[in-house]
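Subject: A structure for you to explore

Hi there,

Here is the structure I promised to pass on to you. Please open it in your viewer first, and then read my notes below alongside it.

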Amino acid sequence: MSAEPILKVENVTRRFGGLVANSGVNVEVRQGEILGLIGPNGAGKSTLFNLIAGAFPPSEGKFIFEGKDITNLSAPRRCQLGIARTFQVPKSFDTMTVIENVIVGGFVRHPGAAAARRAALEVLDFAALSHRANSPASELTPPEKRRLEVARALATQPRLLLLDEVMTGLTPSEARLGVDLVKRVRDQGVTVVMVEHVMEIVMPLVDRAVVLDLGRVLAEGTPAEVVRDPRVITAYLGERHRAA
Amino acid sequence: MTSAVLPNSVLANENAFASRRRNQLIIAGLIFAAVAALPRFVTDVYMQNVLILTLMFAALSQSWNILGGYCGQISLGHALYFGVGAYATTVLFVKYGVSPWFGMLAGGAMSAVLALALGWPCFRLKGHYFSIATIVIAEIGLLLVHNWDYLGGALGIQWPFGPDNWATLQFARDKIPYFYFALGLFIVTWLVTYFIEESRWGYWWRAVKDNPEAAASLGVTVFESKMAAAAISAFFTAIGGAFYAAFVAYIDPESVMAFRFSLLMALPAVLGGIGTLWGPAVGAAILIPITEITRSYAGGGGSGLDLIIYGTLIMVVALAKPEGILSIFRRSAKSENAS
Ligand SMILES: Nc1ncnc2c1ncn2[C@@H]1O[C@H](COP(=O)(O)OP(=O)(O)OP(=O)(O)O)[C@@H](O)[C@H]1O
Ligand SMILES: [Mg+2]
């Protein structure tokens with residue numbers, strides 16, 4: 001069972017009008033790993049997340065999750081099956097408190113409100129957000145909002161968690177807490193795919209990395225292999241390093 | 001996230017939450033009891049009438065609030081469901097001698113089914129387009145009833161005079177029983193809201209309102225959530241319509257399906273606090289007496305004066321307190337919790 005990938009992205013293409021955001025993408029996500037999805041701005045990383053989570057359908061290709069073809073399933077159905085995601089631009093429920101945001105996610109596993117509330121409290125504890133439980137989500141700082149995105153996704157008890165730039169804009173100490181959170185999530189048996197721009201954060205954390213460029217998979221391998229790949233260096237790292 | 005020992009913070013939070021919910025119920029019970037005592041002090045028939053209408057619109061707006069406030073689907077066509085309740089009850093009673101109590105439930109069920117049938121296409125529309133569609137559909141309904149002889153057409157239907165009793169909901173001499181019926185209906189809609197608020201639907205509706213895309217990613221079936229809210233909302237709106245038909249004992253298309261009713265159901269919630277437990281009641285307590293008193297001064301219906309007043313009130317609220325009058329109190333409640 002563990003040899004079987006938890007998710008197979010097979011030949012996925014997504015067009016927006018004339019723009020090809022994902023083009024013939026093939027990716028396998030292994031059970032229990034932390035996979036880094038990297039690439040320059042506009043490479044199609046968030047698009048791929050949206051496609052995996054079912055926010056919109058692919059133009060071509062399919063998705064196999066735990067051996068099951070999920071290509072035609074709705075986003076909530078995929079969540080029930082165990083796929084959760086965060087949004088690059090946090091989409092908190094701003095008329096609700098932090099704990100209420102998390103409870104929404106809890107209902108997928110707990111039909112009763114009391115059980116969903118307890119699960120949410122435990123998730124908040126896990127994500128170190130308990131002290132903010134009763135704050136309105138609209139009053140959170142940007143780093144806290146990203147943390148809430150993660151907590152809410154965790155409340156759905158996912159098997160596969162897609163994290164889209166959850167460390168962006170964090171101070172080094174906040175980022176360390178974030179890294180620690182991702183590790184603890186993985187230790188719970190959750191497979192993680194994360195999009196991140198800051199190489200110093202992603203590379204030590206992930207087991208493998210996939211590099212997207214212009215909608216295509218450019219390279220794939222261990223962090224060490226990927227950073228040495230000349231194509232990656234020209235397409236992404238070089239540009240990044242120059243910018244830095 | 002299965003921890004063998006629950007952290008203290010979890011238990012403390014659960015206890016605090018449970019006592020907050022309990023207090024809400026106790027306060028509501030006290031308010032209901034105080035309102036129930038009002039007829040002892042209000043003996044003027046005209047003022048009793050205003051009280052009855054205020055309670056009725058509080059209940060109607062509470063029902064509207066389920067779809068419009070919690071789920072964020074702003075309907076401006078609820079007069080349609082109000083009319084279905086009024087007509088179903090009236091036709092069943094006047095033409096077939098069916099008890100209004102049964103007619104009321106039948107009207108509620110018909111409205112809920114109608115809401116589902118209309119929701120099927122309409123919930124694919126976003127924001128303003130949804131609201132516009134509801135206005136148009138309600139106007140079409142009004143036109144249909146106008147030209148529907150079986151329903152009395154433009155002339156409407158008169159309830160027969162009978163002895164005062166609860167079985168037929170007829171009280172010609174003393175209006176106080178209507179007061180208690182309206183209060184009962186308001187309490188029922190309040191309780192329904194109170195319990196749904198802390199249930200899966202309640203959370204899912206608010207999530208759908210705030211951000212449907214994020215909601216869907218968390219397992220919320222957005223379309224089904226809207227449909228459920230619409231059906232429950234339409235059901236209780238129709239019960240209100242049935243009550244109104246019995247209360248005025250004569251209905252015609254304009255008197256139960258005019259656009260004015262759609263506004264009068266939406267505005268109290270907007271004014272008092274949209275998507276809150278007490279918003280509709282607070283809004284109705286302010287808006288309905290003003291409406292009724294200006295109507296009696298302006299002489300009968302038909303004048304646009306009350307519409308001008310609603311418009312002005314809404315603009316004032318939108319500019320000064322977009323979350324409604326209740327949000328003024330919410331601030332102070334929160335700082336209490338913090339200390
Ligand atoms: N809903 C959409 N409609 C039209 N074009 C889109 C849409 N979503 C993404 N795109 C386009 O697809 C391309 C890939 O975008 P995507 O957001 O997937 O990139 P990304 O790799 O996540 O970039 P970033 O690092 O900036 O977040 C971009 O050119 C973007 O403008
Ligand atoms: Mg992106």
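Let me begin with a pair in chain A: A:E149 forms a salt bridge with A:R152, with the closest N and O atoms 3.1 Å apart. A salt bridge here is a side-chain nitrogen of Lys or Arg within 4 Å of a carboxyl oxygen of Asp or Glu. Both residues sit in helix α5 of chain A, 3 residues apart, which is about one turn of the helix. A:E149 and A:R152 are both buried. The term buried stands for under 20% relative accessible area, exposed for over 50%, and partly exposed for what lies in between (1.4 Å probe, protein chains only). Helices (H or I, at least four residues) and strands (E, at least two) are DSSP runs, numbered from the N terminus.

Before going on, a word on how to read this: the model is predicted, local features need pLDDT of at least 70, side-chain atom pairs count only at pLDDT 80 or more, and totals for chains, interfaces and linings use all residues. Residues are numbered from 1 along each chain as its sequence is written, chains are lettered from A and ligands numbered from 1 in the order in which they are written, and side-chain values use heavy atoms, with hydrogens and water left out.

Over all chains, a search of the whole structure finds 16 salt bridges. Side chains of opposite charge can pair when their charged atoms come close. Another pair is A:D229 with A:R231, whose side chains meet at 3.0 Å, N to O. A:D229 is buried, at 15% relative accessible area, while A:R231 is partly exposed at 48%. There is also a network, in which salt bridges that share partners join A:E33, A:R208 and A:E220.

A:R208 is worth a stop of its own. You will find A:R208 in strand β9 (residues 208-213) of chain A, and A:R208 is buried, with a relative accessible area of 8%. Its side chain makes a polar contact with the side chain of A:E220, at 3.1 Å. A polar contact is a pair of N or O atoms within 3.5 Å; within protein, one must be able to donate a hydrogen and the other to accept it, and residues adjacent in sequence count only if both atoms are side-chain atoms. Leaving aside residues up to four places away in sequence, A:R208 touches several residues, including A:E28, A:I34, A:G36 and A:P223. Contact means heavy atoms within 4.5 Å.

**Where the two chains meet**

How many residues does each chain give to the contact? Chain A gives 37 residues and chain B gives 32. Together the chains bury about 3,000 Å², 61% of it on carbon and sulfur atoms. Buried area is the accessible area (1.4 Å probe) that two parts lose on being put together, summed over both.

Between chain A and chain B there are 4 salt bridges. One salt bridge brings together the side chains of A:R117 and B:E198 (3.6 Å, N to O). A:R117 is buried at 5% relative accessibility, and B:E198 is buried at 17%. On the side of chain A that touches chain B, the elements giving two or more residues are α2 (75-81), α3 (98-106), α4 (113-126) and α5 (142-154). Helix α4 of chain A gives the most, with 8 residues.

**The magnesium ion**

Which residues coordinate the magnesium ion (ligand 2)? A:S46 (OG) and A:Q88 (OE1) do, at 1.9 to 2.0 Å. These two come from distant parts of the chain, 42 residues apart: A:S46 is in helix α1 (residues 45-53), and A:Q88 is in the loop between β6 (83-85) and α3. Donors are N, O and S atoms within 2.8 Å of the metal (3.2 Å for Na, K and Ca); water is not among the atoms, so sites may look incomplete.

**Two backbone angles**

Most residues other than glycine have a negative phi. A:E66, however, has a positive phi near 50°, and A:E66 lies in the loop between β4 (60-65) and β5 (68-69) of chain A. B:A249 has a positive phi near 60°, in the loop between α10 (222-248) and β2 (250-251) of chain B.

Enjoy exploring!
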